Each structure stands twice: as structure tokens, then as C-alpha cells.
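Reader: I am new to this structure and would like a friendly walk through it. Could you show it to me and take my questions one by one?

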Amino acid sequence: MSKNNNSKKRKSGFNPNRTCYLTADGKFYYYERWDDDAKCVVTQRLEVGKDLSLELTIMLDESDHDIDLQDRYEGELHDPLFDAKVNSYNADPDNEDAVDPWDTLADKSGSPYDMLFAEPEPENPQVAQVRRVIDEECTEAQQDFFFEHFGKVTQLEKMRQTEVAETGKLPSSQAMTNRKNKIIDKVAKSLGVERVKRHKYPKKD
């Protein structure tokens, strides 16, 4: 009996950037979807054991947990104080006295003479290879995805919400992850390595 109760406890936690979640008691799974008739995003509720099997619920919860970890790891790479300054600066674009935080970063490039006449540093061959793959082997949509997610460090969930606002269609969280993995697979293949995959769930008969 205790084993069954433990199987219903969610692994994922509350994540405001994620539009799907399993309730703490493990009885319901909520997710947001685009309603073509209402022309807006609505929240769908599924009852575990009735609308959704326990096995599928566990898989969804583990997937949500993976997204939480990914968001946490990406967030740990940011400087919260610097991000707060950037957000404050962007919140008041009409303030002429405000200083862009990016302009306050120390310039360690040296003197103007060194900047003008210094020999360029050789580029890392692997970086050059990644650039070639993105420029030559990726579609325009994949290039935009790459620069938004890896360049601007925009979280997948925010990109997902931007897409529904622009197109009226809400891609699933898994679809966004799949897009990311396709790009990583192309780069990994060119470097002669394989992408580290998270989980492989057994196929149903």
C-alpha cells in the first residue's frame, strides 16, 4: 500500500515557467493548451487513474522534473545581481540618467594601441566547427532557435510562450526540447561524439 502511495508523489516541484504540473497529492495533472474556438490559452485538468494512466503520469512528472533541473542549471549560470540591474534598466527605457549595466563591465582588452595592433587570437577549432554547422547545416528556424536559446540564454518555456503569442499555436514542452536536441545532434555528429540522452522510457506494446 505504501509503495502505491509513494508512486503517486511527484518528483517535480512548482515552476512558474512551466505550464504543466502534477498536483502535490498526485491526483490531477494540469496543462495549458491553445483553444482555437476561444482564441486563448486554457487550462486542462486530467484525473490520474481516470483520464490519465499512472504509468503515463509518472513519465510526465519525470519529464517535468527534467525541465526543472534544466532551468535550475541554466539559472545558476546567471549572476542574480547583474540580472536584476538589467531588468531594472530595461523596465525604464525613458530614463536618460540610467546606465546600461553592460556598459559598466570592465574592459580588460588593454590599451587602444594593443586593441588596434594586437594579433588576433586563433579560434578554437571546435568553436569554428560548431559555427560552420549552424551556418551551413541548420535551417533558418534552427539558427534563430540556436541564437535565442544558447546565445541570449532564453529559457525554452519563455520561447514556447512567445511562439504561441506570435503564431496562435502552443508547441508542447517536449517539442521544444526536441528542436534543441536536433541542433545538438547535428553539432555532436560533426564533432564525432554523441549527445548525452536523459532517459529512455520502455515502449508500450
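Reader: At what angle do helix 5 and helix 6 pack?

Author: In this predicted model, helices (H or I, at least four residues) and strands (E, at least two) are DSSP runs, numbered from the N terminus. Helix 5 covers residues 125-137, and its axis lies 8 Å from that of helix 6. Axes are lines fitted to C-alpha atoms, for helices over the stretch in contact, and angles run from 0 to 180 degrees between N-to-C directions. The packing angle of helix 5 and helix 6 is about 140°.

Reader: Is helix 5 perpendicular or oblique to helix 6?

Author: Angles under 35 degrees count as roughly parallel, over 145 as roughly antiparallel, 65 to 115 as roughly perpendicular and the rest as oblique. The two helices pack at about 140°, so helix 5 is, relative to helix 6, oblique.

Reader: Which residues of helix 6 meet helix 5?

Author: Contact here means heavy atoms within 4.5 Å. The contact residues divide into three nonpolar, two polar and two charged, where Ala, Val, Leu, Ile, Met, Phe, Trp, Tyr, Cys and Pro count as nonpolar, Asp, Glu, Lys and Arg as charged, and the others, Gly among them, as polar. Helix 5 brings Ile134, Asp135 and Glu137, and these meet, in helix 6, Gln142, Gln143, Phe146 and Phe147.

Reader: How far apart are the axes of helix 6 and helix 8?

Author: Helix 6 spans residues 140-151 and helix 8 spans residues 173-191. Their angle is about 100°, which means helix 6 is roughly perpendicular to helix 8. The distance between their axes is 10 Å.

Reader: Which residues of helix 6 make the contact with helix 8?

Author: This contact holds six nonpolar, two polar and four charged residues. On the side of helix 8 are Met176, Arg179, Lys180, Lys182, Ile183, Ile184 and Lys186. On the side of helix 6 are Gln142, Phe145, Phe146, His149 and Phe150.

Reader: Is His149 buried or exposed?

Author: Residue numbers start from 1 along each chain as its sequence is written, and this being a predicted model, local features need pLDDT of at least 70, side-chain atom pairs count only at pLDDT 80 or more, and totals for chains, interfaces and linings use all residues. Side-chain values use heavy atoms, with hydrogens and water left out. Buried means under 20% relative accessible area, exposed over 50%, partly exposed in between (1.4 Å probe, protein chains only). His149 of helix 6 has a relative accessible area of 4%, so it is buried.

Reader: With which side chain does the side chain of His149 make a polar contact?

Author: A polar contact is a pair of N or O atoms within 3.5 Å; within protein, one must be able to donate a hydrogen and the other to accept it, and residues adjacent in sequence count only if both atoms are side-chain atoms. Beyond four places in sequence, His149 is in contact with several residues, including Gln70, Glu74 and Thr154. Its side-chain polar contact, at 3.3 Å, is with Lys180.

Reader: Which side chain does a polar contact of 2.7 Å join to that of Thr154?

Author: Thr154 sits in the loop between helix 6 and helix 7 (156-167). At 12% relative accessibility, Thr154 is buried. Leaving out residues up to four places away, Thr154 touches Glu148, His149 and Met159. The side chain joined to Thr154 by the 2.7 Å polar contact is that of Glu148.

Reader: In what order do the three strands form their sheet?

Author: Two strands pair if DSSP finds at least two bridges between them. Three bridges join strand 1 to strand 2 (residues 28-35), and eight bridges link strand 2 with strand 3. The edge strands, each pairing on one side only, are strand 1 (20-22) and strand 3 (40-47). The sheet is open and antiparallel, with the order 1-2-3.

Reader: Which residue in the turn between strand 2 and strand 3 has a positive phi?

Author: Strand 1 and strand 2 form a hairpin with five residues between them, and Gly26 in that turn has a positive phi of about 75°. Strand 2 and strand 3 also form a hairpin, with four residues between them. The residue in that turn with a positive phi, about 60°, is Lys39.
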